[in-house]
Amino acid sequence: MPLKAVLFDMDGVIVDTEPLHRKAYFKMFDDLGIVVPEDLYTTFTGAATKKVCSILIEKYNLTNTVEELAAIKRKYFKYFFYHDEDFALLPGVENLIKNYFESGIKLVLASSASMVTINMVFEKFGLAKYFMGKISGDDLKESKPNPEIFLLAAEIAQEPKENCVVVEDSTNGILAAYAAGIFCVAYKSEHSVHQHYEKANLLISDFQDIETEKISRYF
């Protein structure tokens with residue numbers, strides 16, 4: 001079965017927004033006059049903003065509402081998104097996306113990020129023209145490691161899952177691809193920590209290793 005579609009995760013594969021989230025949260029902590037120790041902050045990684053804000057309100061007896069805190073954090077995140085000079089596409093991913101696109105392979109984004117953040121990334125880096133569809137986990141009943149997001153992405157591509165590849169970097173994303181029965185490439189970057197790759201079909205640390213000619217050998 002030839003390769004027909006690639007289903008991309010976003011955070012940790014196309015961009016790394018975690019440093020921006022960190023800066024935004026710590027600016028918010030300063031505004032609130034609270035000190036959040038590193039061991040507590042690490043438990044927030046990957047959690048939804050409103051959930052983090054709810055934890056902060058309870059732990060620090062804050063009088064703010066969840067919505068108020070979330071608005072402060074998102075204001076700072078948006079600022080850093082557009083003004084942080086270090087924020088860029090991950091090395092090699094733009095060439096990979098262009099390589100697939102020029103080879104006639106369909107591309108679908110399947111990310112746990114909000115659609116607002118997805119659209120910001122696509123606009124900032126001019127990615128929309130390469131992708132035929134995008135899915136936000138916020139719009140689904142179940143999140144990764146549930147396979148729903150990748151099964152839906154294959155439907156959007158209008159290709160059997162046997163003709164698809166998932167590119168992921170996180171344990172939950174890899175497990176979701178495995179549960180969906182879709183060939184999974186795990187991308188391990190310098191930013192990857194505490195992730196498990198056992199269920200991936202292929203582990204890489206350089207996107208050149210999965211350009212069309214090379215990844216097609218598996219199909």
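Which residues line the second largest pocket? Select Asp16, Pro19, Leu20, Lys23, Asp84, Asp86, Phe87, Ala88, Leu89, Leu90 and His191. (A pocket, on a 1 Å grid over the protein atoms alone, is an open set of points where a 1.4 Å probe fits, with protein on both sides within 12 Å along at least five of seven lines; lining residues have an atom within 4 Å of a point.) This is a predicted model, where local features need pLDDT of at least 70 and side-chain atom pairs pLDDT 80 or more, while totals for chains, interfaces and linings use all residues. Numbering runs from 1 along each chain as its sequence is written, and side-chain values use heavy atoms, without hydrogens or water.

The pocket's volume, the space filled by probe spheres set on the points, is about 160 Å³. Colour its lining by class and you get six nonpolar, one polar and four charged residues.

Next, colour domain 1 (5-15 + 88-218) and domain 2 (18-83) separately; the bounds come from an automatic or database assignment. Each domain gives at least three residues to that pocket lining. Their C-alpha centres sit 27 Å apart.

Now go to where the domains touch. Five residues of domain 1 contact five of domain 2, with heavy atoms within 4.5 Å. About 500 Å² is buried between them, 67% of it from carbon and sulfur atoms (accessible area, 1.4 Å probe, lost on being put together, summed over both parts). Select Thr117, Met120 and Lys124: in domain 1 they lose the most area to domain 2, together 76% of what that side buries.

Definitions and conventions. Buried area = accessible area lost by both parts, 1.4 Å probe. Nonpolar A, V, L, I, M, F, W, Y, C, P; charged D, E, K, R; others polar.
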